[in-house]
Each structure stands twice: as structure tokens, then as C-alpha cells.
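Here is my notebook on this structure, kept for anyone meeting it for the first time.

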Amino acid sequence: ALAEQWDRGLLTDEFWHLLERTKNRKTVNAIGFVLYHQGNQDDLRRMVNIEKQVPGRGLPNAISWLRYRLSGDKTSPGPAALAPKME
């Protein structure tokens, strides 16, 4: 739903706790996709914290691409892996 209608108000503490607890990789990928396109520094920090607490959650690719997007460096080709996508 966030991919269709972006609403930062939905990114509550409960949202972030749910992302931390979910085991559904498609859900994690979809959220990573949206946050790569819409996220800010605070979202990046929260994603990094989740990945540190629960490694293997599926967020490293979205984290890399969000860092790249937020850097504003358009001369860089970006991370080696393809950008996050909606599955």
C-alpha cells in the first residue's frame, strides 16, 4: 500500500517493530523497496538498527541503495547489486 500511496504517518514505532519481527521475506523486500524510494536519514538509521539486531532480515540491499540515493552522488554507479524491487 505504501508503494501506491506514500504516507509517512504509517511509519510508527509499531510499524518498525513489526518489520523487526516479520519472517516473511517478501514483506521485508517490499518495505525495503518503498523505503529505498521514499526513505530519509531517520529511516536509514532505523533499518540499520534492525539489521544489526536481527541479521539476515533482508535489508542490506535496501540500506545500500538508500545510502546511495541519500548521498546525492550521481557520478557513482551505485551499489554492485541491483536496486530493491517489488516482488
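This is a predicted model: local features need pLDDT of at least 70, side-chain atom pairs count only at pLDDT 80 or more; totals for chains, interfaces and linings use all residues.

**Entry 1**

I looked up tyrosine 68 and found a relative accessibility of 17%, so it counts as buried (buried means under 20% relative accessible area, exposed over 50% and partly exposed in between, with a 1.4 Å probe and protein chains only). Residues are numbered from 1 along each chain as its sequence is written, and side-chain values use heavy atoms, with hydrogens and water left out.

Next I checked what lies over the face of tyrosine 68. I found lysine 74 there, 5.7 Å from the ring centre (a charge sits over a ring if NZ of Lys or CZ of Arg is within 6 Å of the ring centre and within 35 degrees of the ring normal).

**Entry 1: Aromatic pairs**

I reminded myself that a pair of aromatic rings is described by the distance of the centres and the angle of the planes. The rule I used takes rings of Phe, Tyr and Trp (its six-membered ring) as paired if their centres lie within 6.5 Å; planes under 30 degrees apart count as stacked, over 60 as edge-to-face and the rest as tilted. By this rule I get 3 aromatic pairs.

For phenylalanine 15 and tryptophan 16 I noted ring centres 5.2 Å apart and planes at 85 degrees, so this pair is edge-to-face. Phenylalanine 15 is buried at a relative accessible area of 15%, and tryptophan 16 is buried at 4%.

Tryptophan 65 and tyrosine 68 also form an edge-to-face pair, with 5.5 Å from centre to centre and 90 degrees between the planes. Both are in helix H4 (residues 60-71), and because they are 3 residues apart there, about one helical turn separates them (helices, H or I with at least four residues, are DSSP runs numbered from the N terminus). Tryptophan 65 is buried, at 10% relative accessible area. I also saw that Tyr36, Trp65 and Tyr68 form one aromatic cluster.

**Entry 2: Where H1 meets H3**

At what angle do the axes of H1 and H3 cross? I read roughly 35 degrees for helix H1 (residues 13-21) and helix H3 (residues 41-53), whose axes come within 10 Å (axes are lines fitted to C-alpha atoms, for helices over the stretch in contact, and angles run from 0 to 180 degrees between N-to-C directions).

On the H1 side I listed Asp13, Trp16, Leu19 and Glu20, which meet Asp43, Arg46, Met47, Ile50 and Gln53 in H3 (contact means heavy atoms within 4.5 Å).

I found glutamate 51 in helix H3, and it is buried with a relative accessible area of 15%. Leaving out residues up to four places away in sequence, glutamate 51 touches Gly56, Arg57, Gly58, Leu59, Pro60 and Ile63.

Lysine 52 lies in helix H3 too, but at 64% relative accessibility lysine 52 counts as exposed. Its C-alpha atom is 24 Å from that of leucine 2, which is 50 residues away along the chain.

Last, I turned to arginine 25 in helix H2 (residues 25-38). Arginine 25 is partly exposed, at 48%, and touches Gly56, Arg57 and Gly58, again not counting residues up to four places away in sequence.

How values were computed:
Helices (H or I, at least four residues) and strands (E, at least two) are DSSP runs, numbered from the N terminus.
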